[in-house]
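Hi everyone, thanks for making time this morning. I'd like to walk you through one structure, piece by piece, so please have a look at it on the screen.

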Amino acid sequence: KRDSGWKKSATEQGIEDADETSIILSQSDMKSFFPCQRKFLFSKIIKLEEDSFSVSLIEPFDIGNVNHKILELFFENCMKNKKNLPVTMFDKEENPYFVNEDEILNLLETFIGQAICSVIEGGKSAPLVNLMLNSQKNKIKSKILNFLHFFCQQWNDIKGGFGGFSVVSAESWNAGTSDDGKIRYTGKLDCVLANSNGDTYIVDFKTGEPPSVKSCKISVDEE
């Protein structure tokens with residue numbers, strides 16, 4: 001029997017019409033289940049807490065989580081204010097910049113502070129980690145700005161580029177149903193962007209090694 005919070009959880013994941021007979025699966029559920037069904041049982045069903053070395057204290061504060069949160073806040077701000085993404089320009093020396101770069105830097109400074117607070121509150125309280133992250137603010141700002149310069153270049157068929165695109169959603173839950181209607185698949189998309197022609201692009205941010213092109217393609221049975 002499900003606990004009383006299952007309906008709220010399903011609604012938050014984009015499944016409004018779920019009932020107690022619905023089987024709800026996310027990508028993380030499947031990634032946990034198939035390698036080891038026993039681990040899935042202990043972690044997802046019985047919800048046993050893992051016993052780990054104290055070094056894991058730093059894991060919730062990984063800089064990748066901070067960067068991800070900053071980008072989430074940046075794209076949410078664009079969406080909320082109905083502003084398209086900035087377009088990267090280049091000076092005579094081919095150095096990238098934004099026309100409103102000072103405004104963007106001020107926004108990033110605010111979002112970095114919010115992201116650090118969010119990540120710290122989401123993990124265990126650790127003054128040393130707090131000090132470490134706050135000491136890296138300028139480096140984080142520079143890294144995010146460099147990323148946006150690359151990400152927001154004008155579109156071309158070889159390198160891509162999302163400058164001037166509108167933000168459709170950021171960190172939003174989306175759901176779908178299997179053909180027989182018995183299983184509800186759910187997952188959170190980092191970012192969805194659209195160009196002026198209405199073409200939609202799903203963006204997934206990766207701190208580490210990106211997946212291969214082959215693993216991102218859907219195999220369709222010719223029959």
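**A walk along the chain**

Let's start with Ile 45, which sits in helix α3, residues 37-45. Helices here are DSSP runs of H or I with at least four residues, strands are runs of E with at least two, and both are numbered from the N terminus. Before I go on, please keep in mind that this is a predicted model, where local features need pLDDT of at least 70, side-chain atom pairs count only at pLDDT 80 or more, and totals for chains, interfaces and linings use all residues. Residues are numbered from 1 along each chain as its sequence is written, and side-chain values use heavy atoms, leaving out hydrogens and water.

Back to Ile 45: buried or exposed? Ile 45 is exposed, at a relative accessible area of 53%. For these words, buried is under 20% relative accessible area, exposed is over 50%, and partly exposed is in between, with a 1.4 Å probe and protein chains only. Ile 45 also belongs to a nonpolar surface patch of about 450 Å², together with Leu 41, Phe 42, Ile 46 and Leu 48. A patch takes residues with over 30% relative accessible area and no salt bridge, joining like charges within 9 Å and nonpolar side chains (Val, Leu, Ile, Met, Phe, Trp, Tyr) within 5 Å. The areas come from the Shrake-Rupley method with a 1.4 Å probe, and for residues only the protein chains shown count as cover. A salt bridge means a side-chain nitrogen of Lys or Arg within 4 Å of a carboxyl oxygen of Asp or Glu.

Now let's zoom out. The protein chain has eight helices and six strands, and 30% of its 223 residues are buried.

Helix α4, residues 63-80, has 18 residues and spans 26 Å from first C-alpha to last, close to the 26 Å expected at 1.5 Å a residue. That expected span is 1.5 Å times one less than the number of residues. Among the buried residues of α4 are Phe 74, Phe 75 and Cys 78. After α4 comes Lys 82, with a positive phi near 55°. Helix α7, residues 137-151, has 15 residues and reaches 21 Å, close to the 21 Å expected. Its buried residues include Ile 140, Lys 141 and Phe 151.

On to the strands. β4 (residues 166-177) and β5 (residues 183-194) run antiparallel, joined by ten bridges; strands count as paired if DSSP finds at least two bridges between them. Asn 174 faces Gly 187 in β5. Five residues lie between these strands in the hairpin, where Gly 181 has a positive phi near 80°. β5 also pairs with β6 (residues 200-203), again antiparallel, over four bridges.

Most residues other than glycine have a negative phi. Glu 171, in strand β4, has a positive phi of about 50°, and is buried at 16%. Glu 94, with a positive phi of about 65°, lies in the loop between β2 and β3 and is exposed at 56%.

Finally, the cysteines. How many disulfides does the structure hold? It holds zero, taking a disulfide as two cysteine sulfur atoms within 2.5 Å. Cys 191, whose bridge partner in β6 is Val 203, is buried at 0% relative accessibility. Cys 36, by contrast, is partly exposed at 32%.
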